[in-house]
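This report covers helix packing, a salt bridge and a cavity. Please keep the model open while reading.

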Amino acid sequence: MLKETADLTHSITATELFEACRELFGAEVDLSHDFLRYLQPGGAKAAFRKKAKETHPDLAAGLPPRLQRQQAEQFQRARAAYELLVAFFRHREEPGHGPAAPGGSPARERDYYQGPLPSRPLQLGRYLYFRGIIPFRVLLQALTWQRACRPAVGVIARELGLLTAAEVQTILTVPLPGRFCDRAVKLGLLKPFQASQLLLNQRSRHRRIGHYFVQHGLVTPAELEQLLREFHRHNARFAPAAGR
């Protein structure tokens with residue numbers, strides 16, 4: 001399967017594509033062959049714009065030279081990742097490289113899941129996908145939209161007065177593993193409970209993913225309400241019992 005993805009272009013390997021996606025979308029994204037298959041140019045462009053706003057070298061003006069270099073390197077990695085994905089999209093859209101059904105027409109019916117509903121709690125987007133309501137490519141588009149709409153943790157921290165602009169830039173550029181809050185705690189700029197509160201604050205500002213499906217005409221508001229009731233019943237069935 002990995003070979004099929006790699007064959008989309010002679011010079012790009014599947015490993016490089018996964019690394020590019022991880023650079024733009026973050027480590028929390030569940031990368032898979034389906035992710036690459038259904039990832040759209042608009043989603044990658046939105047992720048790059050968000051990443052560029054966080055890593056542009058101009059933001060490091062006034063910081064020590066070492067941090068300026070690190071900021072510039074992060075920006076260059078993001079740009080290289082996006083350019084690699086653009087090349088991937090260009091080749092994928094060439095005749096003969098997209099998934100097709102017998103007779104040459106796009107195999108859109110294969111975008112929809114047709115198996116049993118998993119016996120575990122699910123997030124709403126994945127629940128709708130496993131119900132066969134939305135295709136996987138739309139799920140990716142909705143998740144990309146939701147992620148692009150949420151404010152960065154550093155922005156929230158500045159709004160709440162927990163970090164200064166210089167501290168945010170230091171956290172973004174410091175060569176430490178982990179996400180923003182992990183690095184902030186390691187640097188002593190945030191306490192663990194502050195980091196947890198920031199992540200909860202960011203999560204509370206998520207645009208509800210159901211709105212995306214309504215806005216794009218995939219479900220009506222009434223249908224979404226019914227699906228939400230069924231979604232909550234499904235998750236209640238498989239929620240771990242208290243005390244286990």
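## Helix H4 against H5

In H4, Pro41, Ala44, Lys45, Phe48, Lys51, Ala52, Glu54 and Thr55 meet Gln71, Gln74, Phe75, Ala78, Arg79, Tyr82, Leu85, Phe89 and Arg92 of H5. Contact here means heavy atoms within 4.5 Å. Helices are DSSP runs (H or I, at least four residues), numbered from the N terminus. Nine nonpolar, three polar and five charged residues make up the contact of H4 with H5. Nonpolar covers Ala, Val, Leu, Ile, Met, Phe, Trp, Tyr, Cys and Pro; charged covers Asp, Glu, Lys and Arg; the others, Gly among them, are polar.

The axes of H4 and H5 lie 9 Å apart, at an angle of about 170 degrees. H4 is therefore roughly antiparallel to H5. Axes are lines fitted to C-alpha atoms, for helices over the stretch in contact, with angles from 0 to 180 degrees between N-to-C directions. Under 35 degrees counts as roughly parallel, over 145 as roughly antiparallel, 65 to 115 as roughly perpendicular, and the rest as oblique.

## Basis of the model

The model is predicted: local features need pLDDT of at least 70, side-chain atom pairs count only at pLDDT 80 or more, and totals for chains, interfaces and linings use all residues. Residues are numbered from 1 along each chain as its sequence is written, and side-chain values use heavy atoms, with hydrogens and water left out.

## Helix H2 and its links

H2 (residues 14-25) and H4 have axes that come within 8 Å and cross at roughly 55 degrees. That makes H2 oblique to H4. Glu23, Leu24 and Phe25 of H2 meet Gly43, Ala44, Ala47, Phe48 and Lys51 of H4. This contact of H2 with H4 has five nonpolar, one polar and two charged residues.

Arginine 77 forms a salt bridge with glutamate 23, the closest N and O atoms being 3.8 Å apart. The definition asks for a side-chain nitrogen of Lys or Arg within 4 Å of a carboxyl oxygen of Asp or Glu. Arginine 77 is in H5 (residues 65-92) and glutamate 23 in H2, so the pair ties together parts 54 residues apart in sequence.

## The lining of the largest cavity

Phe25, Ala46, Ala47, Lys50, Thr144, Arg147 and Ala148 line the largest cavity. A cavity is a set of points on a 1 Å grid over the protein atoms alone where a 1.4 Å probe fits but cannot get out; lining residues have an atom within 4 Å of a point. H4 (41-55) and H7 (136-149) each supply at least two lining residues.

Notes:
On a 1 Å grid over the protein atoms alone, a cavity is a set of points where a 1.4 Å probe fits but cannot get out, and a pocket is an open set with protein on both sides within 12 Å along at least five of seven lines; lining residues have an atom within 4 Å of a point.
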